[in-house]
Amino acid sequence: MAKAPILGLFETADHAADAGDALKAAGVSQADYDFLTDTPYPEGAFGEREEPHRIYIFPFVGALIGLTVGIMLTSMTQLAYPLTQGGKPILSLPPMAVVTYESTMLTAIVFTIIGIIFESRLPAFKQGLYDTRITEGYIGVLVNVDEDQLGSTQALLTQAGAIDVVRNDGGSAA
Amino acid sequence: MQEGKPLDSRQVNRELLVSILNSPKWFFGAIAVLGFIVLVAMSSAGFMINQGFGVTGLNRPVMWGFFITNFVFWIGISHAGVMLSAILRLSKAEWRRPATRAAEILTVFSLMTAMTMPLIHTGRPWRTVYWIYTLPFVPYDYARGIWPNIRTPLVWDPSAVYTYLTSSILFVLVALIPDFAVLRDRTTGMSHRIYGMLAMGWQGNARQWKLQIIAGVLLSALILPVFVSVHSIVSWDFGMAVSVKSWHSTIFAPYFVVGAVHSGVSAVAFVLIILRYIYGWQNYIRHEHIDALARLLIVVATGWFYFFVMEVVFGFYGREADEIAVRNLQFTISPWNIWMMIFVGMTYFLPVSIWLSKSLRRNLWVMSLACIFVNIGMWLERFLIIVPGLARKQLLTFDWYTYRPSSVEWIIIIGTFALVSMLMLTIARVVPLIPLYDIKEGEILRTEIKIGRVTVPAVFRED
C-alpha cells in the first residue's frame, strides 16, 4: 500500500517526544517519522534515531585535491617560467607552501560545504508535507504511514497533545 | 550571560525580521546619501584613472599611501568575523549568538572593499585582468609564456584573501539556510520564491539540524587557519621587502594578525551598537554582550600593544642607520610624532582605560566612541608603518621625501567607509543580521538555578 505523510504540530518538546514514543509503541519504524523544528534541539531530545553521516570525509578529500592542485600549480608555474635568483633552486618549497596551503584549505572548505548540503539531503526540490507554523516555534512530527493508517495515526498524534494535525488530502483536525 | 528576558519564537521572528519585513522610513534616505558618497568616490577614482597618478600625493619614493593603508585596514576589519564566529563557536561561548552573523557579513563586505584598493592603486585597473586571464576564461598569460611569480607575497596575498573571501561567503550562506526558510514562510510573491530557492527545501528535521551544527564547528575549524594566514600574508607584503628596512621584520605576521583582531572586534562592537539602536534590538544585543566584547578587547589590545612595543624595540636594537632614520621620523619629527602619539593613545591607552570600568563598558555611547577611537588608531598604525618606511627607504638624504594625500585620495577613502555602511544596510534589508535559530537555541537552553538565597540565570550546554 502507498504511504502518505501526516504532520502533527506540538507546542512543547515534551509533547513531541511523547508522540515519538507513542509512534514507536504503535510499531511505526523510526525511519518513517521525523521531527521538524525551527531551532536545533539537543540531540535525542525527542528520542529520535541517530542520523549517520559521512561529512568528515568531505574536507579530507577536498584537502587532498587542493594539495595536489596547489603543488602542481606552483611547481609547474615555476618550471614553465624559470626565474633563477641568486643561484637558488627553481623549485623552492617555502614560497610554494603558501599558495599550496591556500589551495588546500580552499578546496577543503568548498568540499565541506558540498558535503553539508549533500548530507542534509538538500536541495529538496519537492518539499514534503510542511506547515509554516514550524518556523513559529511549533514542533512538527512528520509521519509516513500506509494510507489506511492515516486516521489512527491522526488520533495517536492528537492524543499525544498535537494542537493540529495536517494531511496532504486536506484532512486537518485539532 | 542570560540577563535578558525570555523570548518566544514568534517574538524572535517578529523583532529580528523587522529590518526585512518592515523596512524603516529612513532606510532609502540613508541608502541614497551613502550611495551618493560612493558615486562621488567612484567618480574620483575615474578621474584619477583618466588623469593619471599625478592627481594623487604619491610620488617617489612613497608610492604606497592611502590606498594601501586602506587596503590593510579593511583586511584587518574582516578579521572580526572569524574571530568572533569561529573562536566563540568552538569555545561554545554563549554570548556569541547575536554577534556572529553581523561579524561574518562585515567580514565579507570589508574584504570586498579591501580588494578594490589595490585595483584602484594600480592606476590602470583593467590591466589587472592580465594577471589572471589572457583570453576569456583562459587562466594565466601563458600565451606569452608568462606565468605568475608564485615566489612573491603579491601573489600569495590575493590567493589568501580570495580563499578567505570565498570561505567566508560560503560560511555565511550555509548558516543562512535555516533563516531563509523562516523568511520563505513569512513572505509572499517574488520574495517567497526567492527565499524558497535560497532555503533549498529546508524543513528543519533532525538530520538537517545535526549537519548544520557540525557545519558551524567544522567550518570554524577550517576557516581559523585561513584567517590567521590572511593577515600574516598581508604583513609579508611588507615584511618580505628587504629594501624597506623598517618593514623587514619577523614580528610583522603576529603583530598584524593581533592588530587586525583588535580593529575588527572593535568594528563589530560598533556595528552591534548601531544595529541595536536603529532596529530596536535591545532584547538581543544586550549590555552584557557589549561588556563581554570589551573585556575580550582588553586582552586583544594588550597583546597588540606588546607586539607594537617589541617591533619598535627591535627597530632600535639593530641600530642600523636607515632603520633609525625611520624611527626618528616616526617619533621626533612633526607631524609624524604627533600622529604617532594620537595613534598609540587612540588604539591602546584611551580605549583600554575605558574598558577597565564596568559602568563605561556598559555605556553604549562611550563604547561606540572607544571603538571608533580604536579604528582611527589602527588606520593610523598602518599609515605610520607604510609611509615613513618608504619616505626613508633610501640611504642618502636627498632621496628622502614625504607624502601628502590629495583630495582625490581622501574622497576615495571616505567612499570605502560609505560603501561598507551601504552594503551592511542593504544586506540588513535582505537577510537577518542576527541568526534567528541561534537566538532560539539560546532560549530553549536557558534556565535558572538557585544558589542559596539567590536565583541566577544560567544556560545548559551540550557536550
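**Reading the model, feature by feature**

Q: Which residues of H3(A) meet which residues of H8(B)?

A: On the H3(A) side they are Val98(A), Val99(A), Glu102(A), Met105(A), Leu106(A), Ile109(A), Val110(A), Ile113(A) and Ile116(A), and they meet Trp156(B), Ser159(B), Ala160(B), Thr163(B), Thr166(B), Ser167(B), Leu170(B) and Val174(B) of H8(B). Residues are in contact when their C-beta atoms, placed from the backbone, lie within 7 Å. Helices (H or I, at least four residues) and strands (E, at least two) are DSSP runs, numbered from the N terminus. By class, this contact holds twelve nonpolar, four polar and one charged. Ala, Val, Leu, Ile, Met, Phe, Trp, Tyr, Cys and Pro count as nonpolar, Asp, Glu, Lys and Arg as charged, and the others, Gly among them, as polar.

Q: What should I know about the model and its labels?

A: This is a predicted model, in which local features need pLDDT of at least 70 and side-chain atom pairs count only at pLDDT 80 or more, while totals for chains, interfaces and linings use all residues. Residues are numbered from 1 along each chain as its sequence is written, with chains lettered from A and ligands numbered from 1 in the order in which they are written.

Q: How is the packing of H3(A) and H8(B) described?

A: Two packed helices are described by the angle between their axes and the distance between the axes. The axes are lines fitted to C-alpha atoms, for helices over the stretch in contact, and angles run from 0 to 180 degrees between N-to-C directions. Here H3(A), residues 93–119, packs on H8(B) at about 15°, the axes being 9 Å apart. That angle is why H3(A) is roughly parallel to H8(B). Under 35 degrees counts as roughly parallel, over 145 as roughly antiparallel, 65 to 115 as roughly perpendicular and the rest as oblique.

Q: Is the crossing of H3(A) and H8(B) left-handed or right-handed?

A: A crossing is left-handed if the near helix is turned anticlockwise from the far one by less than a right angle, and right-handed if clockwise. The crossing of H3(A) and H8(B) is left-handed.

Q: What does each chain give to the contact between the chains?

A: Chain B gives 51 residues and chain A gives 50 residues. On the side of chain B, H1 (9–16), H8 (153–186), H10 and H18 (436–444) each supply at least two residues. H10(B) gives the most there, with 18 residues. The side of chain B that touches chain A divides into 27 nonpolar, 15 polar and nine charged.

Q: At what angle do H5(B) and H10(B) pack?

A: H5(B), residues 79–90, and H10(B), residues 206–239, pack at about 140° with axes 9 Å apart. H5(B) is therefore oblique to H10(B). The crossing is left-handed. Residues making this contact include His79(B) and Arg89(B) of H5(B), and Phe227(B) and His231(B) of H10(B). The contact has eight nonpolar, five polar and one charged.

Q: Is chain A spread out or compact?

A: The radius of gyration is taken over C-alpha atoms, and the globule rule is 2.2 Å times the number of residues to the power 0.38. Chain A has four helices and five strands. Its radius of gyration is 26 Å, well over the 16 Å that the rule gives for 174 residues, so chain A is more spread out than a compact globule. Along the principal axes, its C-alpha atoms fill a box of roughly 85 × 30 × 30 Å. Chain A is divided into domain 1 (3–52 + 138–173) and domain 2 (57–119), with bounds from an automatic or database domain assignment. The C-alpha centres of these two domains of chain A lie 48 Å apart.

Q: What is the secondary structure of chain B, and how many helices and strands does it come to?

A: Chain B has 18 helices and four strands. The radius of gyration of chain B is 23 Å, close to the 23 Å of the globule rule for 463 residues, so chain B is as compact as a globular protein of that length.

Q: Which peptide bonds are cis?

A: Most residues other than glycine have a negative phi, and most peptide bonds are trans. A cis bond joins Leu122(A) and Pro123(A), with omega about -5°, and Pro123(A) sits in the loop between H3 and E3 (139–146) of chain A. Arg121(A), in that loop between H3 and E3 of chain A, has a positive phi near 60°. In chain B, the bond from Ser334(B) to Pro335(B) is cis, with omega near 5°. Pro335(B) lies in the loop between H13 (321–332) and H14 (336–355) of chain B.

Note on methods: Contact = placed C-beta atoms within 7 Å.
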